[in-house]
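Trainee: I would like to learn how to read a helix and a metal site from coordinates. Where do we start?

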Amino acid sequence: MRHLMSGPMKAPTVVDFKSLQNLSKMIRKADLSWNLVEHLTKCLPEQFSLNGVKDDTISTLIVKPITRWPFYAFLGGAMFCLLASSTCHLFACHSQRLSYIMLRIDYAGIAALIATSFYPLVYYSFMCNPFFCYLYLGFITLMGIATIAFSLLPFFQKAEFRKYRASLFFLMGFSGVVPIIHKVILHKHQPEALQTTGYEILMGVLYGLGALIYVTRIPERWRPGKFDIAGHSHQLFHVLVVAGAYTHYQAGLVYLRWRDLKGC
Ligand SMILES: [Zn+2]
């Protein structure tokens with residue numbers, strides 16, 4: 001306010017012009033022989049510890065980074081699943097008709113999450129064996145499309161298709177065992193292969209526990225009415241699905257580090 005009240009107008013001292021004038025000097029003084037490799041490695045996620053990694057490995061890593069699309073496909077699938085689930089729970093109370101449609105979208109979201117969960121696992125495990133890579137990717141993609149179609153198309157909502165719908169979800173989830181066992185056999189001397197398998201087993205346990213709680217309606221079956229607001233089976237189910245997806249995300253980071261550093 002002072003510059004407005006005291007006669008001749010002065011520029012407000014919002015910017016320190018002196019320091020701006022010094023800035024160009026500071027830039028010139030700065031070490032221009034900035035290490036490009038060091039600069040680029042700072043762009044990697046924190047999990048990418050470069051301790052003990054040789055310089056030539058770092059340059060390979062920067063020259064030929066491994067493709068990220070399978071990892072992003074999984075993140076997209078997980079986001080679609082959680083978004084579909086949130087939309088379902090937000091609008092399901094509107095009407096019976098909308099609740100019916102929303103539930104279908106919720107199922108499609110779960111199918112998308114399961115199908116895309118396979119992408120990092122299959123792609124990064126078999127990227128050097130294109131035959132198995134495309135075989136597993138093709139299989140899970142077809143399974144995913146079939147399950148989403150079964151979830152969305154009204155034709156398949158008839159009672160006689162109920163067991164087929166349930167078995168498609170089960171088959172899709174369970175078929176993950178095949179590429180996981182294949183991966184362990186193929187890369188049994190690779191610590192990352194065993195580490196990711198550990199994460200995948202934990203993910204299977206979390207998803208399985210979620211499905212079990214969902215089906216058995218624990219704990220509200222023991223004390224009906226006590227868990228209507230918080231702690232009922234459907235909430236526990238969603239918490240376990242998020243935990244499972246997070247475990248899979250951690251496995252995805254291990255795959256990226258492994259393939260970035262070692263390639264094929
Ligand atoms: Zn839900």
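**Reading a helix and a metal site**

Mentor: This is a predicted model. In α8, the buried residues are Arg-165, Leu-168 and Met-172. They lie on the same side of α8, because they cover an arc of only 55° around the axis.

Trainee: Which residues are exposed on the other side of α8?

Mentor: Arg-162, Lys-163, Phe-170 and Phe-174 are exposed there.

Trainee: What do the buried residues of α8 pack against?

Mentor: They pack against α6 (96–126) and α7 (130–152).

Trainee: How is the span of a helix judged?

Mentor: Compare its end-to-end reach with the expected span, which is 1.5 Å times one less than its number of residues. Helix α8 covers residues 162–174, 13 residues, and reaches 18 Å from its first C-alpha to its last, close to the 18 Å expected.

Trainee: How many helices and strands does the chain have?

Mentor: There are eleven helices and zero strands. Buried residues make up 34% of the 264 residues. Of the contacts between residues at least 6 apart in sequence, 68% join residues at least 24 apart.

Trainee: Which protein donors does the zinc ion have?

Mentor: His-89, His-234 and His-238 each donate through NE2, at 1.9 to 2.0 Å from the zinc ion. Along the chain the donors follow the spacing H-x144-H-x3-H. Both His-234 and His-238 belong to helix α11 (residues 233–262), where they are four residues apart, about one turn of the helix.

Trainee: Why is His-238 classed as partly exposed?

Mentor: Its relative accessible area is 21%, and buried means under 20%.

Methods
Residues numbered from 1 in each chain as written. Predicted model: local features only at pLDDT ≥ 70, side-chain atom pairs only at ≥ 80, totals over all residues. Heavy atoms only, no water. Donors = N, O, S within 2.8 Å, 3.2 Å for Na, K, Ca; no water. Helix = DSSP H or I, 4+ residues; strand = E, 2+ residues; numbered from the N terminus. Buried < 20%, exposed > 50% of the residue type's maximum accessible area, 1.4 Å probe, protein only. Contact = heavy atoms within 4.5 Å. Arc of directions from axis to C-beta.
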